[in-house]
Amino acid sequence: MALDKNGIAQRIAQELKNGWYVNLGIGIPTLVANYIPHGIEVEFQSENGILGMGPFPFEGEEDADLINAGKQTITTVPGASFFDSATSFAMIRGQHVQLTVLGAMEVSQNGDIANWKIPGKMVKGMGGAMDLVASAENIIVAMMHSNKAGESKILKECTLPLTGVGCVKKVVTELAVLEIKDGKFHLIERAPGVSVEEIISKTEGDLVVPDVVREMHFD
Amino acid sequence: MNKVVKNVEEALVGIEDDMTLMLGGFGLCGIPENSIGQLVKLGTKNLTCISNNAGVDDYGIGLMLQAKQVKKMISSYVGENDEFERQMLSGELEVDLIPQGSLAERCRAGGAGIPAFFTPAGYGTEVAEGKEVRVFNGKPHILESALNADFAIVKAWKGDTEGNLIYKAAARNFNPMMAMAGKITVAEVEELVPAGTLDPNQIHTPGIFVQRIFQGEKFEKRIEQRTVRKNA
């Protein structure tokens, strides 16, 4: 069965390594914080100026001065710090943040990503996404395999305005884990009960399929 | 040097039509809300506003958009505002969208006397159109220029009569860089204290960057996305 959004987040959480600083984008990526594997310590960076972001506050404890990049009220964990936006993006551009997880509208087989603009329809701005994808060593895209119209978002070439070029290394969807290497998608894992044929049929970009594709494993 | 002005009216004296303003804040967090209220009252027109966001329909810079005071917005994300979208799509409002880190650094550069810098952000995208590209360490970068403003209007938690500022939590965001980049920088603070009260070790923005400071009359501090977890 295909994963739900929480399943995608849970699978991405398996990629976390001890000691990493991690930036989570808005949407599915935010959910990754709920599934940190046992024994792993990571710290979350929010580009509006927080290291050591914690969970949402309890009702009545919301602080208007303490929000994440999605403008949601949040808390901090012990050892947290605050800083200005220039320092925040110094952390990001300077590659002090080890992992960035973000959503996308399209990803192409050479690692291009489009996630900020649909010409004539949605022009909200790129926020910090262009800075994040231009510099992060390790970018995982969390998204659905197809858009609402049923068209594949895993493409030979992006059709929407780009956010960054050749930067995405890994994509986790409700169906599969894909790696991007040598200008192609490589099928690494399939969601429990999802067939390789279904993944192939829903992937427009070039997909390398090994003889054996292991199933995702969740504890 | 005493930077204190009586009130918001005095703080914004000299702001005229066609000027460029920087306004601190991220979303509605850390915005100079008293000054925005006064700008709406003044009715100054044809303004270019540099601010990470454009407020919401009925709060923050959204109020200035409703009053059609803004000619051009320079921002990184403007998604929470229907009136903004309407004015942009109809061509009434010029919009320059900039990657958030580049926006922060361009303000910082403006205040720091650095006319331009190279960044990898935006390379290969429409942001790079018309900009010089140069390769450093095997990676392409684009040239981004500094930003300055006639007035920078920032909001801090505490400030003293010398103009030294301390911000609270995530309300710091763009305020420190914008404070550096204004020809005249106005700081509105929640609490204004005599010089010598704040610990010099804890100052975020040194008073040299601030020309006028006042204590805001009231702060609504609206929350854009109230999110909570259930009590255990």
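Analyst: What follows starts at the interface and works inward.

This is a predicted model. The interface brings 52 residues of chain B into contact with 46 residues of chain A. Together the two chains bury about 4100 Å². Carbon and sulfur atoms give 59% of that area. On the chain B side, B:Phe26, B:Thr227 and B:Arg229 lose the most area to chain A. Those three together make up 15% of what that side buries.

Polar contacts cross the interface too. The rule finds 24 residue pairs in polar contact between chain B and chain A, both partners being at pLDDT 80 or more. Which elements of chain B give two or more residues to this side? They are α4 (82-89), α5 (100-112) and α6 (175-181). The largest share comes from α5(B), with 6 residues. By type, the residues on the chain B side divide into 22 nonpolar, 15 polar and 15 charged.

Now the charged pairs. Side chains of opposite charge can pair when their charged atoms come close. The count between chain B and chain A is 5 salt bridges. Over all chains the count comes to 25. B:Lys168 lies in the loop between β9 (165-166) and α6 of chain B, and A:Asp65 lies in the loop between β3 (50-53) and β4 (76-82) of chain A, so this pair joins two chains. The closest N and O atoms of B:Lys168 and A:Asp65 are 3.3 Å apart.

In chain A, the side chains of A:Lys156 and A:Asp206 meet at 3.7 Å, N to O. This pair links distant parts of the chain, 50 residues apart. A:Lys156 sits in the loop between β11 (154-155) and β12 (170-172). A:Asp206 sits in the loop between α5 (196-201) and β15 (207-208) of chain A. A:Lys156 is partly exposed at 40% relative accessibility. A:Asp206 is also partly exposed, at 29%.

In chain B, B:Lys131 and B:Glu144 form a salt bridge at 3.2 Å, N to O. They lie 13 residues apart. B:Lys131 is in the loop between β5 (116-119) and β6 (133-136) of chain B, and B:Glu144 is in strand β7 (residues 139-145). B:Lys131 is partly exposed, with a relative accessible area of 27%. B:Glu144 is buried at 1%.

Chain A also holds a salt-bridge network. It links A:Arg11, A:Glu15, A:Lys170, A:Glu179, A:Glu189 and A:Arg214.

The largest nonpolar core has 51 residues. Those that touch the most other members are A:Ile12, A:Val22, A:Val107, A:Ile113, A:Val141, A:Val168 and A:Val171. Take A:Val168. Leaving aside neighbours within four places in sequence, A:Val168 is in contact with A:Val107, A:Gly111, A:Ile113, A:Ile139, A:Val141 and A:Ile180. A second, separate core has 38 residues and includes A:Val123, B:Leu39, B:Val70 and B:Phe84.

In α3 (residues 85-93) of chain A, 7 of the 9 residues are buried, so the helix is largely enclosed by the rest of the structure. The buried residues are A:Ser85, A:Ala86, A:Ser88, A:Phe89, A:Met91, A:Ile92 and A:Arg93. A:Asp84 caps the N-terminal end of α3(A). A side-chain oxygen of A:Asp84 lies 2.9 Å from the backbone nitrogen of A:Ala86. After α3(A) comes A:Gln95, with a positive phi near 60°.

Finally, one serine of chain B. B:Ser51 is placed in the loop between β2 (47-50) and α3 (61-66) of chain B. At 4% relative accessibility, B:Ser51 is buried. Beyond neighbours within four places in sequence, B:Ser51 is in contact with B:Leu23, B:Ile61, B:Met73, B:Ile74, B:Ser75, B:Ser76, B:Leu103 and B:Met178. The C-alpha atoms of B:Ser51 and B:Val210 are separated by 18 Å, and the two are 159 residues apart along the chain.

Definitions and conventions. Residues are numbered from 1 along each chain as its sequence is written. Chains are lettered from A and ligands numbered from 1 in the order in which they are written. This is a predicted model: local features need pLDDT of at least 70, side-chain atom pairs count only at pLDDT 80 or more; totals for chains, interfaces and linings use all residues. Side-chain values use heavy atoms; hydrogens and water are left out. Contact means heavy atoms within 4.5 Å. Buried area is the accessible area (1.4 Å probe) that two parts lose on being put together, summed over both. A salt bridge is a side-chain nitrogen of Lys or Arg within 4 Å of a carboxyl oxygen of Asp or Glu. A polar contact is a pair of N or O atoms within 3.5 Å; within protein, one must be able to donate a hydrogen and the other to accept it, and residues adjacent in sequence count only if both atoms are side-chain atoms. Helices (H or I, at least four residues) and strands (E, at least two) are DSSP runs, numbered from the N terminus. Ala, Val, Leu, Ile, Met, Phe, Trp, Tyr, Cys and Pro count as nonpolar, Asp, Glu, Lys and Arg as charged, and the others, Gly among them, as polar. Buried means under 20% relative accessible area, exposed over 50%, partly exposed in between (1.4 Å probe, protein chains only). A nonpolar core is a set of buried Ala, Val, Leu, Ile, Met, Phe, Trp, Tyr and Cys residues joined through side-chain atoms within 4.5 Å.
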